[in-house]
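Before reading on, please take a moment to look at the sequence and the structure together. The report that follows goes through a few groups of side chains, one after another.

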Amino acid sequence: MEDQDNTVEELHEEPSHIEEKKPKKSNKGIIFLSILILLFGIFGWWTQSLPKTQLWKTLPAGAGVIIGTSDVLHLWQELHASEWNSAIEESLTANRKKIWNNGILNNSFLPFFLSDYPSIGAIYKTEKEGRAQLLAIDLGWQSKLTDHLRFIIGKKFTLEQKQLGEDGEATVLKRGTSKLGIYFVYNNLLIFSTHETLAKRAYEALEQGGEMTELEVGAFEEGKLAEVWMNPDAIYTLSESNFVEPQLSLKGIGRLLGDQHWMWTDEGLSLRAQIDTKEKGFKLEPVWWMWSGTSSSKELLNVIPTHISVASHWGMSTKVKERRDALMRANIAPWRAIENRLSISIEEDFDSWVGDEAAWIKLMPSELTGRDGEVMLLKTNNPALASEKLRALNEKVEGFTLERFSELKYRGFAIGYIGVEELLPRVYGDAFDRIKRPYYTVLGNAVAFSNHPKSLKRMIDAKLDQRTISLEDTKIPKSAMYIWGNGGALYQDLPLWIDKDGLSKMKSYQPLFGSVQSFGMVFLPRAKYHGASYLNLNYGDAAKEKVTLTKRLREFQAVDNKKYEAYLDGVKMDHQKAFKIASPLKSDEDNMIKFQLNTETEKN
């Protein structure tokens with residue numbers, strides 16, 4: 001027992017104090033960290049010491065449209081995460097779809113490592129090569145890695161070296177005998193072009209310090225997804241070959257607005273472009289010359305149907321006499337031929353009743369083909385005077401032509417017909433060039449003109465059935481020009497303006513058009529309205545929008561089939577029979593009073 005107690009006591013004895021040596025701290029971590037900092041410092045110094053060239057200097061003069069973004073990767077991520085994603089994906093080819101859905105771009109570390117890539121592209125129209133494109137990306141120090149591009153793209157393309165000046169060298173991409181493009185590296189920039197001539201011009205611009213100055217491109221706006229610099233007239237010029245016929249009205253917008261800067265942002269379920277007018281492009285000519293560029297009362301909206309394919313509204317000048325005098329001093333007076341031929345006065349017979357608003361409408365797609373589904377509107381402050389003057393002109397024209405009817409009455413409204421070709425464009429400018437056979441009716445404070453009486457019937461139905469825009473509910477601004485519509489309906493109407501070749505190129509974009517629930521655009525060209533112009537695209541599910549559009553078209557068809565009575569030259573009959581008889585025929589064109597466009601006629 002004593003031995004056990006001693007053992008226990010021994011176990012509880014205080015341990016002896018033995019001096020323990022502390023392990024020496026290793027310097028490996030400090031050394032490694034120092035080396036890492038040094039490497040990063042050298043790398044940072046090296047990247048900063050590399051020669052840099054501004055992105056804008058890659059653009060030779062003459063670009064029609066310039067598109068740019070301060071961060072290509074951020075733009076891709078924002079669009080990929082938006083409601084536009086599926087519509088964009090469906091509009092891409094198989095190869096481009098793979099790039100669009102590439103999972104590596106979603107890697108959280110890769111964007112941090114690569115930082116942002118500013119990029120800018122431009123579209124040119126050349127005499128020999130037609131439309132040509134140029135793309136430049138600021139890769140920073142990563143441009144030194146682009147030699148690896150040859151290894152990657154060499155598996156799919158035949159590569160050919162091309163000399164650009166004394167020291168410049170480019171790589172041409174070929175597939176068989178076809179040249180698909182050319183690219184070269186210049187300091188921190190990677191430049192790609194669809195044509196060799198444009199690539200050489202870009203290289204010369206870089207070497208000689210040239211840059212794109214016409215559109216005042218210089219720096220990206222902070223917080224914008226993408227930016228576009230252009231003149232609207234350039235958009236028409238670049239696409240003119242695909243138009244069914246010359247679109248004088250579209251060209252007129254470009255002539256009036258001048259240089260534009262569009263800044264795109266993503267706002268919930270919409271994409272919005274703020275538009276700044278850099279330089280006013282107004283010229284004295286009979287293309288939209290009645291546009292005042294000022295606010296108006298928007299009273300015409302009371303007769304415009306709520307559901308249309310596309311429409312535009314603008315304020316007209318109240319100084320009509322002064323503008324006509326200015327045009328006459330410039331030997332531009334297309335209305336003089338009509339005055340001389342019919343012995344009328346434009347000032348008394350037209351200017352006396354016209355107001356300060358005008359509008360153009362393309363009704364929803366229907367059996368009305370071509371221009372037959374279009375309507376032009378003029379505001380009048382004196383509907384009775386407008387009816388009187390137009391009816392008197394109608395009777396006078398009957399003495400020169402073989403008209404089939406004088407007046408069609410439908411639901412209390414009278415529809416007349418004036419057999420004078422080019423009447424409206426000669427009186428009020430080329431904005432009205434869409435109306436070749438002037439059928440007309442007076443709807444309250446609006447005078448409506450169309451190439452087909454059934455379009456006017458639809459306007460009458462919409463007004464009487466209260467399916468027109470409400471001034472109290474609308475958010476349409478009182479601006480100089482407002483354009484609005486539905487993307488799906490507009491796509492169905494493209495054959496009216498775009499030829500088969502152009503349509504085949506746009507076929508893949510149908511999902512994008514179909515997803516646009518509505519769009520609205522405001523143009524304010526005057527300096528005091530600077531920054532107030534915009535384009536707003538509101539989008540939704542393309543499949544749902546297609547169902548909605550189909551439903552609306554059936555509703556319009558039901559209204560067309562609804563039984564109403566009409567009177568043709570005082571004879572009562574079913575309205576469908578009356579409109580069929582009154583509809584334009586080839587003989588109407590033969591009987592119209594025609595005016596030759598020549599210099600002598602304009603001056604007389």
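Is Phe-579 buried or exposed? Phe-579 is buried, because its relative accessible area is 2%, and the cut-off for counting as buried is a value under 20%.

## The model as a whole

The model described here is a predicted one. The protein has 23 helices and 22 strands, and of its 604 residues, 48% count as buried. The accessible surface of the protein comes to about 31,900 Å², and 54% of that surface belongs to carbon and sulfur atoms.

Contacts can also be sorted by how far apart the partners are along the chain. If we take the contacts between residues at least 6 apart in sequence, 71% of them join residues that are at least 24 apart.

## Aromatic pairs

The structure holds 17 aromatic pairs. In one of them, the rings of Trp-56 and Trp-229 have their centres 6.0 Å apart and their planes at 75°, and because planes over 60 degrees apart count as edge-to-face, this pair is given that name. The two residues belong to distant parts of the chain, since Trp-56 is in the loop between α2 (28–49) and β1 (65–69), while Trp-229 is in strand β8 (residues 226–230), 173 residues apart. Both Trp-56 and Trp-229 are buried.

Phe-579, with which this report began, forms an aromatic pair with Tyr-410. This pair is edge-to-face, with 5.3 Å from centre to centre and 80° between the planes. Tyr-410 lies in strand β14 (residues 407–410) and Phe-579 in helix α21 (residues 575–582), so the pair ties together parts that are 169 residues apart in sequence. Tyr-410 is buried, with a relative accessible area of 0%. Elsewhere, ring pairs link Trp-314, Phe-350, Trp-353, Tyr-428 and Phe-432 into a cluster.

## Charges over rings

Which ring does the charged end of Arg-272 sit over? It is the ring of Tyr-534, and the charged end of Arg-272 is 4.0 Å from the centre of that ring. In another place, the charged end of Arg-324 sits over the ring of Trp-335, at 4.6 Å from the ring centre.

With a relative accessibility of 0%, Thr-58 counts as buried. A polar atom of the Thr-58 side chain lies 2.8 Å from the backbone oxygen of Leu-55. When residues up to four places away in sequence are left out, Thr-58 touches Ile-120, Leu-134, Ala-136, Leu-189, Ile-191, Ala-202 and Leu-206.

## Salt bridges between separate parts of the chain

Side chains of opposite charge can pair when their charged atoms come close. The structure holds 25 salt bridges. One of these joins Lys-162 and Glu-196, whose closest N and O atoms are 3.5 Å apart. Lys-162 lies in strand β4 (residues 158–164) and Glu-196 in helix α8 (residues 196–208), so this pair ties together parts that are 34 residues apart in sequence. Lys-162 is partly exposed, with a relative accessible area of 25%, whereas Glu-196 is buried, with a relative accessible area of 16%.

A salt bridge is also found between Arg-437 and Glu-589, with 2.5 Å between the closest N and O atoms. Since Arg-437 lies in the loop between α15 (423–428) and β16 (439–443), and Glu-589 in helix α22 (residues 586–591), the pair ties together parts that are 152 residues apart in sequence. Here Arg-437 is buried, at a relative accessible area of 16%, and Glu-589 is partly exposed, at 25%.

Where in the protein do Lys-457 and Asp-461 lie? Both are in helix α16 (residues 453–464), four residues apart, which is about one turn of the helix. The two residues form a salt bridge, in which the closest N and O atoms are 2.7 Å apart. Lys-457 counts as buried, at 1% relative accessibility, and Asp-461 is buried as well, with a relative accessible area of 1%.

This pair belongs to a network, in which salt bridges that share partners join Arg-411, Lys-457, Arg-458, Asp-461, Asp-465, Arg-467 and Asp-560.

Terms used:
Residues are numbered from 1 along each chain as its sequence is written. This is a predicted model: local features need pLDDT of at least 70, side-chain atom pairs count only at pLDDT 80 or more; totals for chains, interfaces and linings use all residues. Side-chain values use heavy atoms; hydrogens and water are left out. Rings of Phe, Tyr and Trp (its six-membered ring) pair if their centres lie within 6.5 Å; planes under 30 degrees apart count as stacked, over 60 as edge-to-face and the rest as tilted. Buried means under 20% relative accessible area, exposed over 50%, partly exposed in between (1.4 Å probe, protein chains only). A charge sits over a ring if NZ of Lys or CZ of Arg is within 6 Å of the ring centre and within 35 degrees of the ring normal. A polar contact is a pair of N or O atoms within 3.5 Å; within protein, one must be able to donate a hydrogen and the other to accept it, and residues adjacent in sequence count only if both atoms are side-chain atoms. Contact means heavy atoms within 4.5 Å. A salt bridge is a side-chain nitrogen of Lys or Arg within 4 Å of a carboxyl oxygen of Asp or Glu. Accessible areas come from the Shrake-Rupley method with a 1.4 Å probe; for residues, only the protein chains shown count as cover.
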